[in-house]
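Hi there,

I'm passing a structure on to you, together with some notes on what turned up in it. Please have it open while you read.

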Amino acid sequence: MQERSTDLVNWFRQSAPYVNAHRGKTFVIMLGGECIAHDNFYNIVNDISLLNSLGIKVVVVYGARPQIEARLSEQGIESRFHKQTRITCDSGFSQIKQIVGQLQFEINAQLSMGLINTPMQGANINVVSGNFVTAQPIGIVDGVDYLFSGKVRRIDTQGIKRQLDQRAIVLVSIIGYSATGESFNLSAEEIATQLSIKLGADKMIGFASERGVLTDDGEVIPELLPDQASERLTKLEAQGRVLSGTATYLRAAIAACNAEVARSHLVSYQLDGALLQELFSRDGIGTQIVMASSEQLRQATIDDIGGIMDLIKPLEEQGLLVKRSREQLEMEIDKFSIVMRDGLVIGCAALYPAKDNKIGEMACVATHPEYRKASRGDAIVKAISTQARKLGLTQLFVLTTSSIHWFRERGFNPVTIDQLPVEKQVLYNYQRNSKILIKDLTT
């Protein structure tokens, strides 16, 4: 029982920075019909409600492809597609409107639920739907008339933002309305993409049956840039998976990312809690498509002091790093380089050039424990070495009590104290008895 309680406390502590980072941000969530039909949809709805309760502005777009396919088949109406888009005939559209209306009522009901013993007991969430999307007919393409299939013409962004500012969840269906009073069948992917772009959303989130975008070996790819996502999409299409949830999501995510939506996430609708794990844990659980890598190595600024202190404090308490006060860090912040991920400092190091020698000290080298198996340490050493060369330094030294082999594997060789700069020899702490290693930067 104590172990479980500790796990819960640790999870809360680790997720707190993400709760703070996401508060007030706008997320567009795309729910496919497969997701809505799955047994886990109840939990997904509760997790969406939880996002709202944490101060996140949520827009939900829902599709109904499997439900539409099943109904049209029952009615003996043929499903026809051209370029991955449904051709919506009059009789088919009549059935589609019924299905979409029914799903809207069901989603509204679940989002509004606040019964005792349910996850959102007493939440009192307001769900708003409306004619936020103005549509126009696709028309005729390649000689094919799309009939009642449409595309987004305009989005009432101000109307949506007003509702979001009132802490409502905005629910958007795939039925769009034209200025002439007609209605059209749109794709949930296009609506979600355009909403994300026009609203300047911070994230677009989609669900698929798989845990994310997978490698050929079935492993989840945590992060993709748009060109990498395009390569994966081409592979899926070559495999005949043109209308799969993953392929559909990738088309939307690539378009959103190319229009400066910073991040689009794909998680599994089959895995309970996948949405929360993706958003509130350091490494997530699915795949995100990003405009630029979520990790950034850069010079530290005064605003990074808190993050550096959080990173090095446990190592200082273990005696692995020399203790530094906040005042000292503030005075020396220009010496530090950091690795950032999702707004958190996960690695750091400092460079102190000697006064009269062409040698510098690399100090306060630290990597967050959850990232030590990756190559962040190598990136930090490389960055400090490059910085030292630019300053005209020919050697780099470190003092370490516990990472001797790690530094040796990266080109540092043991030396004696007399090879240190004079000012460093005077300050050497014989009680710590740190090993001294030097790297030649000229080779």
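**Cavities and a helix pair**

The largest cavity has a volume of about 40 Å³. Please keep in mind that this is a predicted model. In total, the structure holds two cavities of 30 Å³ or more.

Sorted by class, the lining has five nonpolar, three polar and three charged residues.

Now for the second largest cavity, which has a volume of about 40 Å³. Among the residues around it are Asn40, Ile44, Asp47, Phe207, Tyr269 and Leu275. Here helix H3 (41-53) and helix H10 (274-280) each provide at least two lining residues. This lining splits into six nonpolar, three polar and two charged residues.

There is also a helix pair to look at. How do we describe two packed helices? We use the angle between their axes and the distance between the axes. For helix H7 (residues 188-199) and helix H9 (residues 245-258), the axes come within 9 Å and cross at roughly 25°. Angles under 35 degrees count as roughly parallel, so H7 and H9 are roughly parallel to each other. The crossing of H7 past H9 is right-handed. Glu189, Thr193 and Ile197 of H7 make the contact with Thr248, Ala252, Ala255 and Ala256 of H9. Four nonpolar, two polar and one charged residues take part in this contact.

Happy exploring, and do write back with any questions!

Terms used: Residues numbered from 1 in each chain as written. Predicted model: local features only at pLDDT ≥ 70, side-chain atom pairs only at ≥ 80, totals over all residues. Heavy atoms only, no water. 1 Å grid on protein atoms, 1.4 Å probe; cavity = no way out; pocket = protein on both sides within 12 Å on 5 of 7 lines; lining within 4 Å. Points joined across faces, edges and corners; volume = space filled by probe spheres on them. Nonpolar A, V, L, I, M, F, W, Y, C, P; charged D, E, K, R; others polar. Helix = DSSP H or I, 4+ residues; strand = E, 2+ residues; numbered from the N terminus. Axes fitted to C-alpha atoms, helices over the stretch in contact; angles between N-to-C directions. Parallel < 35°, antiparallel > 145°, perpendicular 65-115°, else oblique. Left-handed = near helix turned anticlockwise from the far one by under 90°. Contact = heavy atoms within 4.5 Å.
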